[in-house]
Amino acid sequence: MEYSFGHEKLKVYKEALCFIKWVTINTNEIPKSIAAKKHLDESSTSILLNIAEGNGRYTNKDKCRFFDISKGSTLESAACIDILKIKGFELDEKEGKIILRNIYSMLIGLIKANSKNRLYEESTNYS
């Protein structure tokens, strides 16, 4: 595969694309009028867009700002999955959350790699 831009080489970017595909497949039958469906589409898109934009920034501080936004959108996406599930919609929540956990972990790695002077503690307890 040939890449045009640096962010396309990032594993986290590729995983975010997988999550968007998961969202598309798993929410296809959910009515467009359901707010959590719309928000899940928006937050999954935000994950990807902020990874791309952050990777293109020159300063580490700028990179981390966008990766932090992407991390927040990852958590929003997980919450949207919970909302849709509690409202009775059928979706493969386990697969979606596994993809999100992978994205979240990779974003933490990018943030740590770009913020050596920043104190960063993050809970990785998923139980």
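Ser77 touches Phe19, Leu40, Ser43, Ser44, Ile47 and Leu100, where contact means heavy atoms within 4.5 Å and residues up to four places away in sequence are not counted. This is a predicted model, in which local features need pLDDT of at least 70 and side-chain atom pairs count only at pLDDT 80 or more, while totals for chains, interfaces and linings use all residues. Residues are numbered from 1 along each chain as its sequence is written, and side-chain values use heavy atoms, with hydrogens and water left out.

**Ser77 and helix α3**

- Ser77 is located in helix α3; helices are DSSP runs (H or I, at least four residues), numbered from the N terminus.
- Ser77 counts as buried because its relative accessibility is 0%; buried means under 20% relative accessible area, exposed over 50%, and partly exposed in between, with a 1.4 Å probe and protein chains only.
- Between Ser77 and Glu8 there are 69 residues in sequence and 21 Å in space, C-alpha to C-alpha.
- The 27 residues of α3 should span 39 Å at 1.5 Å a residue, which agrees with the 39 Å between its end C-alpha atoms; the expected span is 1.5 Å times one less than the number of residues.

**Helix α1**

- With 16 residues, α1 reaches 22 Å from its first C-alpha to its last, close to the 22 Å expected at 1.5 Å a residue.
- Val12, Tyr13, Glu15, Ala16, Phe19, Trp22, Val23 and Asn26 are the buried residues of α1.
- They lie on the same side of α1 because they cover an arc of only 165° around the axis, the arc being that of the directions from the helix axis to the C-beta atoms.
- The exposed residues Lys21 and Ile25 are carried on the face of α1 turned away from its buried side.
- The packing partners of the buried α1 residues are α2, α3 (60-86) and α4 (93-113).

**The second largest pocket**

- The second largest pocket holds about 150 Å³ of space. On a 1 Å grid over the protein atoms alone, a pocket is an open set of points where a 1.4 Å probe fits, with protein on both sides within 12 Å along at least five of seven lines.
- Its lining consists of Val23, Thr24, Thr27, Asn28, Lys32, Lys37, Lys38 and Asp41, lining residues being those with an atom within 4 Å of a point.
- Two or more lining residues come from each of α1 (11-26) and α2 (35-55), and α2 gives the most, with three residues.

Note on methods. Grid points are joined across faces, edges and corners, and a volume is the space filled by probe spheres set on the points.
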